[in-house]
Amino acid sequence: MDILSSAVSALLGGWTLPAALAGVVWGILGGALPGLSPSVAMALLLPLTYGMDPTAALTMLAAVYVGAEYGGSIPAILIRTPGTNAAAATTIDGYELARQGRAGEALGISLMAGFVGGLFGLILLTIATEPMAAVALAFTPPAYCALGILGLSVIASLSGKSLIKGLISGILGLMIATVGTDPVSGVSRFTGGSPDLLGGIRPILVMVGLFAVTEMLSQISTPAWDKASSRDTRLKLPSFKMWKRLWKSQVIGCTIGTFEGLTPGGGGSIAAFLSYNEARRWSSHPEEFGKGSIEGVAAPECANNVVTATALIPMLSFGIPGSNSAAVLLAGFLLHGLIPGPMLFQKAPDVVYGLYGGLFAANILMVLVGLVILTPCIWLVNRPKPYLIAFILAIVVSGVYATDASLSDLWLVLIMGVVGYGMRWLGIPTLPMVLGAVLGFLVESNYRRSLVLARGDHSIFIQDPVSLGLLLAAVALTAYSVWSEFIKPARKLKNA
Amino acid sequence: MMRLAAAAFAVGLALSPAASMAQAKYPVPTVTLATHSSAGGGSDVFLRELVKHVQPIIGANLAVSNITGGSGARAMAELAKSPANGSIFYATTPTYIQTTLLSKPAVGYDQLDPMVIVFFDPTIIYTRTESPHKTFADVVADAKKNVGKQKWGAANPASLERIAFEKLNKITGAKAAIVSHEGGGDLMINVLNGTLDIGVGEVQELRSQIEAKKVRLLAVLGDKRLPELPDLPTAKEQGVDLVVSKFRGLAGPKGVPDDVAKMWEDAVKKALASPAYKDVYSKEALEPVALGREQARAFTAKFADEVKASLTELGVIK
């Protein structure tokens, strides 16, 4: 009751509501701009919050996170370029739907799925922070390593026609993740002496190159364009009938998103890919996945918005930021003299509950803002292609440059674009590579950390119950995917 | 009112000619204070707080600029090519020395000139409340008895804290496993869930856990106890000579005039003495040192040599 009244009073009085609106709008823009990650969008706003009341300031930052995780799906669907790491899984079916002239439908689904996910996560955050925090504490280095491996096991089902090509792609991604400072010894690896590479290659750069630049390159080399008139240009929200089809994928997204949010490190990307994979397995129309499935949009988008709320649990209860975005929010707390951690709920409950209220408002505002801006977005990508391609490249380049004002980042993106073009030409899927680049560091650093702990004894991965469970799940997932993707179809072919 | 203030000012001037001599006009109207940390990061917060208290004393506009990327390499390069007239300084931390040693960028710490060192950040060894070890001496005794059994965690692989634990291993012969992490938060989880025996970190990272009595502080790695935590003995008092000195200061391009450096030294000293600033930094358990230019140069050179020797010994650099 206390929570409710604090939340309501925070919403009605003062600047919380306008702050949430400003945050959501900025977040959607930042998320939609490929190359600008949610954390950067948040960090850019941070100096503005110095003079604000803490509840409004934190609400604004958290609203940016909510908006950005949703905004990332807009370019993923419309131009096959995830605006954020976590939207990578959405490109698979989202862009396919857009190509079939169903962009409005796909955007409507991702908006509503994100809303459902965001609210679900928020409810958990409000009522179950304490038990959930215990889950976060149960994750030791071996468990994190196993979690990353579980994420990588999805490669088997993202490989398309050839498992070998999928694995090649995945390993390329893992190789990219080894660039930078060695996580255990601190030695510089594959940096060629350049300080720009000390911190490693950020996955978002790999993604922007492999998706946006590659897509533009291959669009340029295709002479004939789809006619713009053949597409629907209006946003379409899911009907009741469609909701009934989507509920299963939403449940999957919510469940997986919850746990991923709690475990710092993996964040939205593992959640999105795992829930895409599970949604496909449990769907009654698995054959549509990869060819424009609405469930393939709903599941990952639901999951990555659940993460926006559950990722706050370890941050608020331990003061431990699980992701870059949570780290910026943590900085926001510190700037206002609030120290997240076990005492926060006793010392500044009004701020915490006010933040919950602000997040609630942010999720609703996200839908309203989405309704307003999505139709113009669709209109925008239906302009003549030469303009569009120039426009997209300009946005991508400026987005990447704006983050760090670094030319080497820009070169990396362009190189990745060419690599992606080559891979497409050779028929090698790019998604496994993205997954490898996102998860490589998590897996490697925790693998080696575990071995330091166990003095080289690998049984630590079996002795840790969480690790054991996740590893078994990974084995089961891989076996199932290989069976259903490659062995079963081959047998069918033989029998026929 | 205006006239009264002016009159008071004039009287003040007449009464203290020496003070008016010292308070010469700062040579440029605006000073950029650059940091490699992004908005909200450690050095960014340090600078913004410093600006609040030093700006009125020094009589110039102080603007914070975040030159992120390359772990300080880009900020150092920017500084080295800036005019040495007191219009730009860089917030120094051990990071800029480590980056120079680790990646040998075109412009390193040795091409900047330390001007003032403002604070030392105290470093603390801690464990979780459930741990059987009550004091740091207990930990050391146990480590010596059970060689090769203990697990210690440090924040980053090339950090001063890791170097300190490697030293501790050498002093005690404990052969403990030293696990490095991706920051203090990561490390704290593994101390809280019992994966590690001890961790090492800064007071402000631990404050909330200290208040909630989830962690037990074992030793401060400094020459003397902290005024904020008078009951916490140093490692030295517990029989192990282990000191980590992390610093926060300012450095400029080479050739900044001595009188500018002196103005900064005086301004920083005066700001550190003000109750308002004292309130803020003592809450974070920062130790005010205000080393002037000569001292800062000597300290930085010695510090860099020590870190270089330690990193070479660890095999991190050749």
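## Basis of the description

Because the model is predicted, local features need pLDDT of at least 70 and side-chain atom pairs count only at pLDDT 80 or more, whereas totals for chains, interfaces and linings use all residues. Residues are numbered from 1 along each chain as its sequence is written, chains are lettered from A and ligands numbered from 1 in the order in which they are written, and side-chain values use heavy atoms, with hydrogens and water left out.

## The six-stranded sheet of chain B

In chain B, 6 strands form an open sheet with mixed pairing, in the order β2-β1-β3-β10-β4-β11; helices (H or I, at least four residues) and strands (E, at least two) are DSSP runs numbered from the N terminus, and two strands pair if DSSP finds at least two bridges between them. The edges of this sheet are β2 (61-66) and β11 (287-291) of chain B, each of which pairs on one side only. Its neighbouring strands are turned against each other by 25° on average, direction ignored, where axes are lines fitted to C-alpha atoms, for helices over the stretch in contact, and angles run from 0 to 180 degrees between N-to-C directions.

Strand β1 (residues 30-35) of chain B runs parallel to β2(B), with 6 bridges between them, and B:Leu33 has B:Val64 in β2(B) as its bridge partner. Helix α4(B) lies across β1, β3 (88-92), β4 (112-121) and β10 (246-253) of chain B and runs at about 150° to β3(B), contact meaning heavy atoms within 4.5 Å.

## The five-stranded sheet of chain B

Another open sheet of chain B has 5 strands in the order β7-β6-β8-β5-β9, again with mixed pairing. Its edge strands, each pairing on one side only, are β7 (177-180) and β9 (215-220) of chain B, and neighbouring strands are turned by 30° against each other on average, direction ignored. Helix α7 (residues 160-172) of chain B packs on this sheet, where it touches β5, β6 (151-154), β7 and β8 of chain B, and its direction makes about 155° with that of β6(B).

Within the sheet, strand β5 (residues 123-128) of chain B is joined to strand β8 (residues 198-202) of chain B by 4 bridges in an antiparallel arrangement, with B:Thr123 opposite B:Glu202 in β8(B). Helix α8 (residues 184-192) of chain B lies across β5, β6, β8 and β9 of chain B and runs at about 35° to β5(B).

## The interface between chains A and B

The contact involves 46 residues of chain B and 40 residues of chain A. The two chains bury about 3200 Å² between them, 60% of it on carbon and sulfur atoms; buried area is the accessible area (1.4 Å probe) that two parts lose on being put together, summed over both. On the chain B side, B:Arg74, B:Ile189 and B:Ser208 lose the most area to chain A, together 16% of what that side buries.

One salt bridge is found across this interface, a salt bridge being a side-chain nitrogen of Lys or Arg within 4 Å of a carboxyl oxygen of Asp or Glu. It joins the side chains of A:Lys347 and B:Glu211 at 2.6 Å, N to O. Among the elements of chain B that give two or more residues to the side touching chain A are α3 (42-58), α5 (94-103) and α9 (203-211), while α8(B) gives the most, with 6 residues.

## Salt bridges in the whole structure

Over all chains, 31 salt bridges are found. In one of them, the closest N and O atoms of A:Arg245 and A:Glu295 are 2.5 Å apart. This pair links distant parts of the chain, with A:Arg245 in helix α13 (residues 240-262) of chain A and A:Glu295 in helix α15 (residues 295-310) of chain A, 50 residues apart.
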